[in-house]
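Subject: Structure handover

Hello,

The structure I promised is below. Notes on what was found in it follow.

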Amino acid sequence: MKFKQEINRRRTFGIVSHPDAGKTTLTEKLLLFGGAINEAGAVKSNKIKKGATSDFMEIERQRGISVATSVLGFEYKNIKINILDTPGHKDFAEDTFRTLTAVDSVIVVIDVAKGVEEQTEKLVEVCRMRKIPMIVFVNKLDREGKDAFELLDEIEQKLRLKVTPLSFPIGMGYDFKGIYNIWESNVNLFTGDPKKDIEETVEISDLSTPELDDLIGTDAAENLREELELTQGVYPDFSKDEYVNGNLQPVFFGSALNNFGVRELLDCFVEIAPSPRTKESDIRLVKPDEDKFTGFVFKIHANMDPKHRDRLAFVKVVSGKFERNKPYLHVRHGKNLKFSSPNAFFAEKKQVVDEMYPGDIVGLHDTGNFKIGDTLTEGEQLNYRGIPNFSPEHFRYINNADPMKSKQLYKGIEQLMDEGVAQLFTLELNGRKIIGTVGALQYEVIQYRLEHEYGAKCSYENINVHKACWIEPKDPKSQEFADFKRVKSKYLATDKQGQLVFLADSSFSLQMTQQKYPNIHFHFTSEF
Ligand code: GDP
(Lines give C-alpha, C1' and ligand atoms only; values in the text may rest on other atoms or scores of the structure.)
Protein backbone atom coordinates (compact mmCIF):
# COMPACT_ATOMS: atom_id res chain seq x y z
CA MET A 1 0.00 0.00 0.00
CA LYS A 2 2.70 2.42 1.07
CA PHE A 3 4.72 1.38 -1.97
CA LYS A 4 1.93 2.39 -4.37
CA GLN A 5 1.35 5.64 -2.51
CA GLU A 6 5.01 6.47 -2.78
CA ILE A 7 4.93 5.89 -6.53
CA ASN A 8 1.77 7.90 -7.00
CA ARG A 9 3.15 10.90 -5.20
CA ARG A 10 6.24 11.21 -7.37
CA ARG A 11 6.65 13.64 -10.25
CA THR A 12 9.93 13.47 -12.12
CA PHE A 13 10.30 16.04 -14.85
CA GLY A 14 12.68 18.21 -16.83
CA ILE A 15 12.51 21.86 -17.82
CA VAL A 16 13.56 22.53 -21.39
CA SER A 17 14.13 25.82 -23.11
CA HIS A 18 16.39 27.79 -25.36
CA PRO A 19 19.19 29.39 -23.29
CA ASP A 20 18.05 32.57 -21.51
CA ALA A 21 14.33 31.89 -21.66
CA GLY A 22 14.33 31.57 -17.86
CA LYS A 23 14.81 27.91 -16.99
CA THR A 24 17.17 28.57 -14.07
CA THR A 25 14.96 31.33 -12.70
CA LEU A 26 11.86 29.16 -12.90
CA THR A 27 13.64 26.23 -11.24
CA GLU A 28 14.63 28.48 -8.41
CA LYS A 29 11.11 29.77 -7.87
CA LEU A 30 9.73 26.25 -7.88
CA LEU A 31 12.22 25.32 -5.18
CA LEU A 32 11.19 28.37 -3.18
CA PHE A 33 7.60 27.15 -3.23
CA GLY A 34 8.73 23.77 -2.06
CA GLY A 35 10.50 25.43 0.84
CA ALA A 36 13.63 23.67 -0.36
CA ILE A 37 15.61 26.90 -0.49
CA ASN A 38 15.03 30.16 1.35
CA GLU A 39 16.39 32.78 -0.93
CA ALA A 40 16.74 33.69 -4.52
CA GLY A 41 20.16 33.11 -6.05
CA ALA A 42 20.60 29.72 -4.40
CA VAL A 43 20.35 27.81 -7.64
CA LYS A 44 23.43 28.26 -9.74
CA SER A 45 22.99 28.21 -13.44
CA ASN A 46 25.29 25.69 -15.01
CA LYS A 47 24.87 27.06 -18.44
CA ILE A 48 27.70 27.81 -20.75
CA LYS A 49 27.72 30.98 -22.74
CA LYS A 50 28.28 30.83 -26.44
CA GLY A 51 31.62 29.22 -27.14
CA ALA A 52 33.27 30.55 -24.02
CA THR A 53 35.69 27.94 -22.81
CA SER A 54 36.50 30.03 -19.80
CA ASP A 55 32.95 29.46 -18.63
CA PHE A 56 33.40 25.77 -18.94
CA MET A 57 36.59 25.89 -16.88
CA GLU A 58 34.73 27.89 -14.29
CA ILE A 59 32.03 25.28 -14.25
CA GLU A 60 34.66 22.61 -13.84
CA ARG A 61 35.91 24.42 -10.79
CA GLN A 62 32.43 24.54 -9.44
CA ARG A 63 31.74 20.99 -10.30
CA GLY A 64 30.19 20.35 -6.91
CA ILE A 65 27.50 22.82 -7.77
CA SER A 66 26.69 21.53 -11.19
CA VAL A 67 26.45 17.98 -9.83
CA ALA A 68 24.07 19.12 -7.17
CA THR A 69 21.86 20.88 -9.67
CA SER A 70 21.70 17.79 -11.86
CA VAL A 71 18.75 16.59 -9.80
CA LEU A 72 16.75 18.85 -7.53
CA GLY A 73 14.29 17.09 -5.27
CA PHE A 74 11.70 18.75 -3.08
CA GLU A 75 8.27 18.25 -1.57
CA TYR A 76 5.22 20.34 -2.30
CA LYS A 77 1.74 19.53 -1.01
CA ASN A 78 2.94 16.04 -0.10
CA ILE A 79 4.13 15.44 -3.66
CA LYS A 80 7.75 14.41 -4.13
CA ILE A 81 9.08 16.41 -7.06
CA ASN A 82 12.35 15.65 -8.86
CA ILE A 83 13.57 18.18 -11.38
CA LEU A 84 16.22 16.84 -13.75
CA ASP A 85 18.53 19.49 -15.10
CA THR A 86 18.92 19.70 -18.86
CA PRO A 87 21.72 21.81 -20.33
CA GLY A 88 20.37 24.38 -22.76
CA HIS A 89 23.60 24.88 -24.69
CA LYS A 90 23.35 23.19 -28.07
CA ASP A 91 26.78 21.58 -27.82
CA PHE A 92 25.43 19.62 -24.88
CA ALA A 93 22.14 18.69 -26.52
CA GLU A 94 22.93 15.00 -26.30
CA ASP A 95 23.07 15.26 -22.52
CA THR A 96 19.62 16.73 -22.63
CA PHE A 97 18.28 14.04 -24.95
CA ARG A 98 19.58 11.39 -22.58
CA THR A 99 18.06 13.10 -19.58
CA LEU A 100 14.74 13.16 -21.40
CA THR A 101 14.73 9.35 -21.29
CA ALA A 102 14.46 9.61 -17.50
CA VAL A 103 11.64 12.16 -17.15
CA ASP A 104 7.95 11.43 -16.89
CA SER A 105 6.94 14.87 -18.10
CA VAL A 106 8.39 18.19 -19.21
CA ILE A 107 7.82 21.92 -18.75
CA VAL A 108 8.78 24.00 -21.79
CA VAL A 109 9.78 27.61 -21.07
CA ILE A 110 9.31 30.19 -23.82
CA ASP A 111 10.35 33.82 -23.79
CA VAL A 112 7.31 35.98 -24.58
CA ALA A 113 9.36 38.37 -26.73
CA LYS A 114 11.52 35.85 -28.57
CA GLY A 115 8.83 33.24 -29.02
CA VAL A 116 9.79 29.75 -30.13
CA GLU A 117 13.57 29.49 -30.54
CA GLU A 118 15.78 26.95 -32.24
CA GLN A 119 16.81 24.86 -29.27
CA THR A 120 13.23 24.69 -28.02
CA GLU A 121 12.16 23.34 -31.37
CA LYS A 122 14.71 20.54 -31.28
CA LEU A 123 14.00 19.51 -27.70
CA VAL A 124 10.24 19.63 -28.08
CA GLU A 125 10.49 17.50 -31.18
CA VAL A 126 12.17 14.77 -29.14
CA CYS A 127 9.49 15.03 -26.44
CA ARG A 128 6.72 14.98 -29.01
CA MET A 129 8.12 11.87 -30.66
CA ARG A 130 8.34 10.14 -27.31
CA LYS A 131 4.84 11.31 -26.33
CA ILE A 132 6.16 12.95 -23.18
CA PRO A 133 3.45 15.09 -21.57
CA MET A 134 4.38 18.78 -21.81
CA ILE A 135 3.20 21.95 -20.11
CA VAL A 136 4.26 25.24 -21.71
CA PHE A 137 5.20 28.25 -19.57
CA VAL A 138 5.38 31.58 -21.39
CA ASN A 139 7.82 33.67 -19.39
CA LYS A 140 8.80 37.36 -18.98
CA LEU A 141 5.27 38.79 -19.21
CA ASP A 142 6.60 41.86 -17.38
CA ARG A 143 8.30 42.76 -20.66
CA GLU A 144 6.85 43.78 -23.98
CA GLY A 145 6.40 40.71 -26.08
CA LYS A 146 4.23 39.02 -28.62
CA ASP A 147 0.48 39.01 -28.39
CA ALA A 148 -0.82 35.94 -26.54
CA PHE A 149 -2.80 34.61 -29.51
CA GLU A 150 0.08 35.16 -31.88
CA LEU A 151 2.33 33.26 -29.52
CA LEU A 152 -0.10 30.37 -29.11
CA ASP A 153 -0.25 30.16 -32.91
CA GLU A 154 3.50 30.12 -33.15
CA ILE A 155 3.73 27.37 -30.55
CA GLU A 156 1.20 25.29 -32.45
CA GLN A 157 2.91 25.78 -35.77
CA LYS A 158 6.60 25.73 -34.99
CA LEU A 159 6.43 23.12 -32.25
CA ARG A 160 3.57 21.22 -33.83
CA LEU A 161 1.69 21.04 -30.56
CA LYS A 162 -1.99 21.22 -29.80
CA VAL A 163 -2.32 23.83 -27.09
CA THR A 164 -4.94 25.08 -24.72
CA PRO A 165 -4.28 28.03 -22.39
CA LEU A 166 -4.94 27.37 -18.70
CA SER A 167 -4.10 30.93 -17.76
CA PHE A 168 -4.31 34.12 -19.76
CA PRO A 169 -2.38 37.37 -19.46
CA ILE A 170 -4.10 40.66 -18.71
CA GLY A 171 -1.99 43.16 -20.57
CA MET A 172 1.74 42.85 -20.99
CA GLY A 173 5.00 44.68 -20.37
CA TYR A 174 4.37 48.15 -19.00
CA ASP A 175 0.64 47.43 -18.94
CA PHE A 176 0.89 44.01 -17.39
CA LYS A 177 -1.91 43.75 -14.85
CA GLY A 178 -1.88 40.09 -14.00
CA ILE A 179 -3.28 36.81 -15.18
CA TYR A 180 -6.63 35.17 -15.28
CA ASN A 181 -6.27 31.59 -14.10
CA ILE A 182 -8.60 29.55 -16.28
CA TRP A 183 -7.75 26.36 -14.38
CA GLU A 184 -8.80 27.79 -11.01
CA SER A 185 -11.14 30.59 -12.18
CA ASN A 186 -9.44 33.44 -10.38
CA VAL A 187 -7.51 36.60 -11.07
CA ASN A 188 -4.01 37.15 -9.81
CA LEU A 189 -2.90 40.78 -9.85
CA PHE A 190 0.66 41.66 -10.69
CA THR A 191 2.37 43.84 -8.14
CA GLY A 192 5.93 43.41 -9.34
CA ASP A 193 7.09 42.41 -5.90
CA PRO A 194 9.15 39.24 -6.31
CA LYS A 195 9.43 38.67 -2.57
CA LYS A 196 5.74 38.18 -2.13
CA ASP A 197 5.49 34.44 -2.31
CA ILE A 198 1.89 34.02 -1.29
CA GLU A 199 -0.02 35.75 -4.02
CA GLU A 200 -3.37 37.24 -3.34
CA THR A 201 -5.80 35.91 -5.83
CA VAL A 202 -9.36 37.04 -6.31
CA GLU A 203 -11.91 34.40 -7.08
CA ILE A 204 -13.77 35.33 -10.29
CA SER A 205 -15.81 32.36 -11.42
CA ASP A 206 -18.33 34.41 -13.38
CA LEU A 207 -16.52 36.70 -15.77
CA SER A 208 -19.47 39.03 -16.16
CA THR A 209 -19.24 40.21 -12.57
CA PRO A 210 -18.61 43.96 -12.18
CA GLU A 211 -16.01 43.01 -9.59
CA LEU A 212 -13.68 42.27 -12.49
CA ASP A 213 -14.09 45.86 -13.75
CA ASP A 214 -13.28 47.18 -10.28
CA LEU A 215 -10.25 45.01 -10.12
CA ILE A 216 -8.54 45.70 -13.43
CA GLY A 217 -10.51 48.58 -14.95
CA THR A 218 -13.40 48.46 -17.39
CA ASP A 219 -11.35 48.47 -20.57
CA ALA A 220 -9.07 45.67 -19.47
CA ALA A 221 -12.05 43.72 -18.13
CA GLU A 222 -13.94 44.01 -21.42
CA ASN A 223 -10.87 43.02 -23.32
CA LEU A 224 -10.26 40.00 -21.10
CA ARG A 225 -13.86 38.84 -21.47
CA GLU A 226 -13.54 38.99 -25.24
CA GLU A 227 -10.21 37.23 -25.29
CA LEU A 228 -11.36 34.45 -23.01
CA GLU A 229 -14.45 33.94 -25.10
CA LEU A 230 -12.22 33.66 -28.12
CA THR A 231 -9.95 31.10 -26.44
CA GLN A 232 -12.99 29.00 -25.66
CA GLY A 233 -13.99 29.05 -29.27
CA VAL A 234 -10.55 28.33 -30.65
CA TYR A 235 -8.87 25.97 -28.22
CA PRO A 236 -10.07 22.58 -26.99
CA ASP A 237 -11.14 22.07 -23.39
CA PHE A 238 -8.37 20.77 -21.24
CA SER A 239 -8.39 16.99 -20.83
CA LYS A 240 -5.98 15.31 -18.47
CA ASP A 241 -5.96 12.13 -20.54
CA GLU A 242 -5.10 14.00 -23.70
CA TYR A 243 -2.29 15.80 -21.89
CA VAL A 244 -0.87 12.64 -20.30
CA ASN A 245 -0.93 10.88 -23.67
CA GLY A 246 1.06 13.71 -25.20
CA ASN A 247 -1.77 14.95 -27.43
CA LEU A 248 -2.61 18.25 -25.72
CA GLN A 249 -0.34 20.82 -24.11
CA PRO A 250 -1.69 23.28 -21.55
CA VAL A 251 -0.10 26.74 -21.54
CA PHE A 252 0.55 29.04 -18.58
CA PHE A 253 1.73 32.65 -18.60
CA GLY A 254 3.82 34.46 -16.03
CA SER A 255 7.08 36.02 -15.01
CA ALA A 256 9.51 33.71 -13.28
CA LEU A 257 11.76 36.55 -12.18
CA ASN A 258 8.85 38.20 -10.40
CA ASN A 259 7.64 34.89 -9.06
CA PHE A 260 4.42 35.55 -10.83
CA GLY A 261 2.22 32.84 -12.31
CA VAL A 262 4.59 30.21 -10.98
CA ARG A 263 2.34 29.07 -8.14
CA GLU A 264 -0.48 28.54 -10.64
CA LEU A 265 1.82 26.47 -12.80
CA LEU A 266 3.03 24.36 -9.88
CA ASP A 267 -0.43 23.77 -8.43
CA CYS A 268 -1.71 22.55 -11.75
CA PHE A 269 1.46 20.56 -12.38
CA VAL A 270 1.20 18.49 -9.18
CA GLU A 271 -2.40 17.73 -10.00
CA ILE A 272 -2.08 16.73 -13.64
CA ALA A 273 1.53 15.65 -14.26
CA PRO A 274 1.94 11.89 -14.44
CA SER A 275 3.57 9.80 -11.73
CA PRO A 276 6.26 7.35 -12.94
CA ARG A 277 5.19 5.56 -16.05
CA THR A 278 5.51 2.13 -17.59
CA LYS A 279 8.78 1.77 -19.48
CA GLU A 280 9.71 -0.33 -22.46
CA SER A 281 12.68 -2.67 -22.22
CA ASP A 282 14.15 -4.94 -24.88
CA ILE A 283 11.97 -7.84 -23.74
CA ARG A 284 8.86 -6.42 -22.11
CA LEU A 285 7.04 -3.44 -20.64
CA VAL A 286 7.99 -2.80 -17.04
CA LYS A 287 5.45 -1.32 -14.61
CA PRO A 288 6.59 0.91 -11.76
CA ASP A 289 4.63 -1.04 -9.14
CA GLU A 290 6.31 -4.36 -9.85
CA ASP A 291 7.98 -5.96 -6.79
CA LYS A 292 11.44 -6.17 -8.23
CA PHE A 293 13.78 -3.26 -8.69
CA THR A 294 14.93 -2.20 -12.15
CA GLY A 295 16.61 1.02 -13.21
CA PHE A 296 18.97 2.48 -15.78
CA VAL A 297 21.88 4.91 -15.93
CA PHE A 298 21.05 8.08 -17.86
CA LYS A 299 23.90 10.31 -16.81
CA ILE A 300 27.40 9.99 -15.40
CA HIS A 301 29.13 12.82 -13.67
CA ALA A 302 32.83 12.45 -13.14
CA ASN A 303 35.51 13.47 -10.75
CA MET A 304 33.82 15.70 -8.25
CA ASP A 305 37.06 15.40 -6.40
CA PRO A 306 39.95 15.49 -8.84
CA LYS A 307 42.10 13.57 -6.36
CA HIS A 308 39.89 10.52 -6.67
CA ARG A 309 38.79 9.26 -9.99
CA ASP A 310 35.34 8.91 -8.62
CA ARG A 311 32.20 9.15 -10.65
CA LEU A 312 28.55 9.45 -9.84
CA ALA A 313 26.16 7.42 -11.99
CA PHE A 314 22.60 8.72 -12.02
CA VAL A 315 20.11 5.89 -12.04
CA LYS A 316 16.39 6.34 -12.61
CA VAL A 317 14.38 3.84 -10.59
CA VAL A 318 11.83 2.37 -13.01
CA SER A 319 10.22 -0.36 -10.89
CA GLY A 320 10.37 -1.82 -7.39
CA LYS A 321 12.28 -0.40 -4.48
CA PHE A 322 15.99 0.33 -4.61
CA GLU A 323 17.67 -0.69 -1.33
CA ARG A 324 21.04 0.14 0.07
CA ASN A 325 23.49 -2.79 0.32
CA LYS A 326 21.31 -5.14 -1.68
CA PRO A 327 23.06 -6.88 -4.59
CA TYR A 328 21.81 -5.88 -8.05
CA LEU A 329 22.66 -7.35 -11.40
CA HIS A 330 24.63 -5.13 -13.74
CA VAL A 331 23.10 -6.69 -16.84
CA ARG A 332 25.80 -5.72 -19.37
CA HIS A 333 28.62 -7.06 -17.20
CA GLY A 334 26.61 -9.98 -15.85
CA LYS A 335 27.83 -9.38 -12.34
CA ASN A 336 26.25 -8.38 -9.05
CA LEU A 337 27.05 -5.06 -7.43
CA LYS A 338 26.17 -3.67 -4.00
CA PHE A 339 25.99 -0.03 -3.12
CA SER A 340 26.78 1.01 0.42
CA SER A 341 26.19 4.73 0.01
CA PRO A 342 23.55 5.50 -2.60
CA ASN A 343 22.71 9.19 -2.79
CA ALA A 344 19.37 10.90 -3.00
CA PHE A 345 19.10 14.54 -4.06
CA PHE A 346 17.32 17.18 -2.05
CA ALA A 347 17.39 20.74 -3.31
CA GLU A 348 21.10 21.47 -3.71
CA LYS A 349 22.25 18.70 -1.37
CA LYS A 350 22.82 15.01 -1.70
CA GLN A 351 22.40 12.55 1.09
CA VAL A 352 22.86 8.83 1.66
CA VAL A 353 19.53 7.00 1.78
CA ASP A 354 18.34 3.44 2.46
CA GLU A 355 15.58 3.12 -0.08
CA MET A 356 14.29 4.81 -3.18
CA TYR A 357 11.07 4.48 -5.16
CA PRO A 358 10.15 4.52 -8.83
CA GLY A 359 10.59 8.02 -10.21
CA ASP A 360 13.49 8.71 -7.88
CA ILE A 361 17.02 9.28 -9.06
CA VAL A 362 19.75 7.41 -7.20
CA GLY A 363 23.34 8.61 -7.36
CA LEU A 364 25.75 5.66 -7.26
CA HIS A 365 29.47 6.01 -6.71
CA ASP A 366 31.27 4.30 -9.50
CA THR A 367 34.86 3.53 -10.29
CA GLY A 368 34.29 2.76 -13.95
CA ASN A 369 31.66 0.02 -14.04
CA PHE A 370 28.96 2.06 -15.63
CA LYS A 371 28.27 3.62 -18.92
CA ILE A 372 25.24 5.49 -20.10
CA GLY A 373 22.31 3.20 -20.77
CA ASP A 374 23.39 0.42 -18.38
CA THR A 375 20.55 -1.44 -16.68
CA LEU A 376 20.39 -2.75 -13.11
CA THR A 377 17.90 -5.46 -12.08
CA GLU A 378 17.34 -8.08 -9.37
CA GLY A 379 18.50 -10.76 -11.78
CA GLU A 380 16.28 -10.40 -14.84
CA GLN A 381 18.10 -10.12 -18.15
CA LEU A 382 16.49 -6.98 -19.47
CA ASN A 383 17.86 -3.81 -20.95
CA TYR A 384 16.22 -0.43 -21.19
CA ARG A 385 16.32 0.97 -24.68
CA GLY A 386 16.03 4.42 -25.99
CA ILE A 387 19.45 5.96 -25.52
CA PRO A 388 20.95 5.45 -28.96
CA ASN A 389 23.97 7.31 -30.27
CA PHE A 390 23.30 9.74 -33.06
CA SER A 391 25.79 10.59 -35.76
CA PRO A 392 28.09 13.31 -34.41
CA GLU A 393 28.38 16.62 -36.26
CA HIS A 394 32.14 17.11 -35.86
CA PHE A 395 35.01 14.67 -36.30
CA ARG A 396 38.72 14.92 -35.51
CA TYR A 397 41.62 12.56 -35.11
CA ILE A 398 42.88 12.44 -31.57
CA ASN A 399 46.65 12.05 -31.12
CA ASN A 400 48.72 11.36 -28.06
CA ALA A 401 50.81 14.45 -27.32
CA ASP A 402 52.81 12.87 -24.50
CA PRO A 403 54.12 9.38 -25.34
CA MET A 404 54.96 8.73 -21.68
CA LYS A 405 51.30 8.98 -20.78
CA SER A 406 49.59 6.79 -23.34
CA LYS A 407 48.01 4.53 -20.71
CA GLN A 408 46.46 7.52 -18.98
CA LEU A 409 45.27 8.89 -22.31
CA TYR A 410 43.47 5.70 -23.31
CA LYS A 411 41.92 5.26 -19.91
CA GLY A 412 40.78 8.89 -19.95
CA ILE A 413 39.30 8.61 -23.43
CA GLU A 414 37.53 5.42 -22.49
CA GLN A 415 35.97 6.88 -19.37
CA LEU A 416 34.94 10.13 -21.01
CA MET A 417 33.23 8.17 -23.76
CA ASP A 418 31.37 6.07 -21.15
CA GLU A 419 30.12 9.30 -19.69
CA GLY A 420 28.76 10.20 -23.09
CA VAL A 421 30.93 13.28 -23.60
CA ALA A 422 31.65 12.24 -27.19
CA GLN A 423 31.91 9.16 -29.40
CA LEU A 424 35.02 7.26 -30.28
CA PHE A 425 35.60 5.57 -33.64
CA THR A 426 38.58 3.41 -34.49
CA LEU A 427 39.57 3.22 -38.15
CA GLU A 428 39.63 -0.35 -39.45
CA LEU A 429 42.55 0.34 -41.74
CA ASN A 430 45.16 1.60 -39.29
CA GLY A 431 43.60 1.74 -35.82
CA ARG A 432 43.67 5.52 -35.63
CA LYS A 433 41.21 7.03 -33.20
CA ILE A 434 38.60 9.59 -34.18
CA ILE A 435 36.49 11.60 -31.77
CA GLY A 436 33.03 12.60 -32.91
CA THR A 437 31.07 15.29 -31.08
CA VAL A 438 27.84 17.26 -31.30
CA GLY A 439 29.53 20.61 -30.75
CA ALA A 440 33.01 22.01 -31.21
CA LEU A 441 33.16 22.96 -27.54
CA GLN A 442 33.47 19.32 -26.56
CA TYR A 443 37.00 19.09 -27.99
CA GLU A 444 38.20 21.69 -25.55
CA VAL A 445 36.31 20.00 -22.74
CA ILE A 446 37.95 16.66 -23.56
CA GLN A 447 41.42 18.16 -23.83
CA TYR A 448 41.01 20.00 -20.56
CA ARG A 449 39.63 17.04 -18.69
CA LEU A 450 42.23 14.59 -20.05
CA GLU A 451 44.91 16.89 -18.76
CA HIS A 452 43.38 17.77 -15.41
CA GLU A 453 41.82 14.47 -14.47
CA TYR A 454 44.06 11.91 -16.14
CA GLY A 455 47.36 13.74 -16.55
CA ALA A 456 47.34 13.04 -20.28
CA LYS A 457 47.85 15.36 -23.22
CA CYS A 458 46.17 15.13 -26.59
CA SER A 459 46.18 17.02 -29.84
CA TYR A 460 43.66 16.99 -32.65
CA GLU A 461 43.96 16.73 -36.38
CA ASN A 462 41.29 17.54 -38.91
CA ILE A 463 39.58 14.82 -40.84
CA ASN A 464 36.99 15.24 -43.51
CA VAL A 465 33.90 13.36 -42.34
CA HIS A 466 30.37 14.44 -43.05
CA LYS A 467 28.40 11.78 -41.17
CA ALA A 468 28.80 8.49 -39.37
CA CYS A 469 26.38 5.76 -40.44
CA TRP A 470 25.92 2.47 -38.66
CA ILE A 471 26.07 -0.37 -41.15
CA GLU A 472 23.64 -3.26 -41.34
CA PRO A 473 23.98 -5.65 -44.29
CA LYS A 474 20.93 -7.71 -45.25
CA ASP A 475 23.26 -10.66 -45.56
CA PRO A 476 26.61 -10.39 -43.81
CA LYS A 477 27.94 -13.22 -45.96
CA SER A 478 26.98 -11.68 -49.30
CA GLN A 479 29.44 -10.80 -52.03
CA GLU A 480 28.00 -7.28 -52.00
CA PHE A 481 28.97 -6.75 -48.36
CA ALA A 482 32.45 -8.20 -48.97
CA ASP A 483 32.89 -5.81 -51.91
CA PHE A 484 31.66 -2.89 -49.86
CA LYS A 485 34.16 -3.64 -47.09
CA ARG A 486 37.01 -3.93 -49.55
CA VAL A 487 36.22 -0.89 -51.69
CA LYS A 488 35.34 1.36 -48.74
CA SER A 489 37.93 0.08 -46.28
CA LYS A 490 39.38 3.58 -45.95
CA TYR A 491 36.07 4.85 -44.61
CA LEU A 492 35.23 2.06 -42.20
CA ALA A 493 35.58 2.26 -38.45
CA THR A 494 34.18 0.58 -35.38
CA ASP A 495 32.41 2.38 -32.56
CA LYS A 496 33.00 1.62 -28.89
CA GLN A 497 30.58 -1.31 -29.00
CA GLY A 498 32.44 -2.77 -31.94
CA GLN A 499 29.65 -1.95 -34.41
CA LEU A 500 30.73 -1.20 -37.95
CA VAL A 501 30.43 2.43 -39.00
CA PHE A 502 30.81 4.09 -42.39
CA LEU A 503 32.37 7.55 -42.23
CA ALA A 504 31.01 9.35 -45.28
CA ASP A 505 33.08 12.33 -46.41
CA SER A 506 30.16 14.13 -48.08
CA SER A 507 26.44 13.76 -48.48
CA PHE A 508 27.05 13.11 -52.16
CA SER A 509 29.40 10.19 -51.56
CA LEU A 510 26.98 8.82 -48.99
CA GLN A 511 24.19 8.89 -51.57
CA MET A 512 26.37 7.24 -54.18
CA THR A 513 27.41 4.52 -51.75
CA GLN A 514 23.82 3.88 -50.72
CA GLN A 515 22.84 3.50 -54.39
CA LYS A 516 25.71 1.23 -55.16
CA TYR A 517 25.03 -1.12 -52.25
CA PRO A 518 21.25 -1.40 -52.07
CA ASN A 519 21.33 -4.37 -49.71
CA ILE A 520 23.21 -2.54 -47.03
CA HIS A 521 21.37 -0.34 -44.57
CA PHE A 522 22.98 2.94 -43.52
CA HIS A 523 21.52 3.94 -40.13
CA PHE A 524 21.92 7.36 -38.57
CA THR A 525 21.60 6.06 -35.01
CA SER A 526 23.38 3.19 -33.31
CA GLU A 527 20.21 1.34 -32.32
CA PHE A 528 18.12 -0.14 -35.08
P1 GDP B 1 18.09 30.04 -18.64
O2 GDP B 1 19.25 30.22 -19.54
O3 GDP B 1 16.89 29.55 -19.41
O4 GDP B 1 18.37 29.23 -17.43
O5 GDP B 1 17.66 31.51 -18.20
P6 GDP B 1 17.84 32.28 -16.81
O7 GDP B 1 16.88 31.78 -15.79
O8 GDP B 1 19.28 32.32 -16.45
O9 GDP B 1 17.34 33.72 -17.26
C10 GDP B 1 17.96 34.47 -18.28
C11 GDP B 1 17.80 35.95 -18.01
O12 GDP B 1 16.43 36.31 -18.07
C13 GDP B 1 18.28 36.33 -16.61
O14 GDP B 1 18.91 37.57 -16.70
C15 GDP B 1 16.99 36.44 -15.81
O16 GDP B 1 17.09 37.34 -14.74
C17 GDP B 1 16.02 36.95 -16.85
N18 GDP B 1 14.64 36.55 -16.56
C19 GDP B 1 14.17 35.35 -16.17
N20 GDP B 1 12.83 35.40 -15.97
C21 GDP B 1 12.45 36.68 -16.24
C22 GDP B 1 11.20 37.35 -16.19
O23 GDP B 1 10.15 36.82 -15.85
N24 GDP B 1 11.21 38.68 -16.55
C25 GDP B 1 12.34 39.33 -16.90
N26 GDP B 1 12.25 40.62 -17.22
N27 GDP B 1 13.53 38.73 -16.94
C28 GDP B 1 13.60 37.41 -16.61
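Asp 20 is partly exposed, as 17 other C-beta atoms lie within 10 Å of its own. The cut-offs behind that word are these: a residue is buried if 20 or more other C-beta atoms lie within 10 Å of its own, exposed if 12 or fewer, and partly exposed in between, with C-beta atoms placed from the backbone. Asp 20 sits in the loop between β1 and α2, and its phi is near 80°, a positive value in a residue other than glycine. Most residues other than glycine have a negative phi.

Two points on how to read the rest. This is a predicted model, in which local features need pLDDT of at least 70 and side-chain atom pairs count only at pLDDT 80 or more, while totals for chains, interfaces and linings use all residues. Residues are numbered from 1 along each chain as its sequence is written.

Overall
The protein has 15 helices and 31 strands; helices (H or I, at least four residues) and strands (E, at least two) are DSSP runs, numbered from the N terminus. Of its 528 residues, 45% are buried. Two residues are in contact if their C-beta atoms, placed from the backbone, lie within 7 Å. Among contacts between residues at least 6 apart in sequence, 72% join residues at least 24 apart.

Helix α2
All eleven residues of α2 (residues 23–33) are buried, so the helix is largely enclosed by the rest of the structure. They pack against the strands β1 (10–17), β2 (71–76), β3 (79–84), β4 (105–111) and β5 (134–139), and against helix α11 (262–272). Just after α2, Gly 35 has a positive phi of about 70°.

Around β11
Gln 249 lies in strand β11 and is buried, with 24 other C-beta atoms within 10 Å. Apart from neighbours within four places in sequence, Gln 249 is in contact with Met 134, Ile 135, Val 136, Leu 161, Lys 162, Val 163 and Tyr 243. Asn 259 is in the loop between β11 (249–253) and α11. Asn 259 is not a glycine, yet it has a positive phi of about 50°. With 22 C-beta neighbours inside 10 Å, Asn 259 counts as buried.

Helix α13 (residues 441–454) has 14 residues and spans 19 Å from its first C-alpha to its last, close to the 20 Å expected at 1.5 Å a residue; the expected span is 1.5 Å times one less than the number of residues. Its buried residues are Leu 441, Gln 442, Val 445, Ile 446, Arg 449, Leu 450 and Tyr 454. Seen down the axis of α13, they fall within an arc of 160°, so they line one face of the helix; the arc is that of the directions from the helix axis to the C-beta atoms.

Helix α12 (residues 406–419) packs with α13 at an angle of about 120°, their axes 10 Å apart. Axes are lines fitted to C-alpha atoms, for helices over the stretch in contact, and angles run from 0 to 180 degrees between N-to-C directions. The two helices are therefore oblique to each other (under 35 degrees counts as roughly parallel, over 145 as roughly antiparallel, 65 to 115 as roughly perpendicular and the rest as oblique). Gln 408, Leu 409, Lys 411, Gly 412 and Leu 416 in α12 meet Ile 446, Arg 449, Leu 450, Glu 453 and Tyr 454 in α13.

Regards
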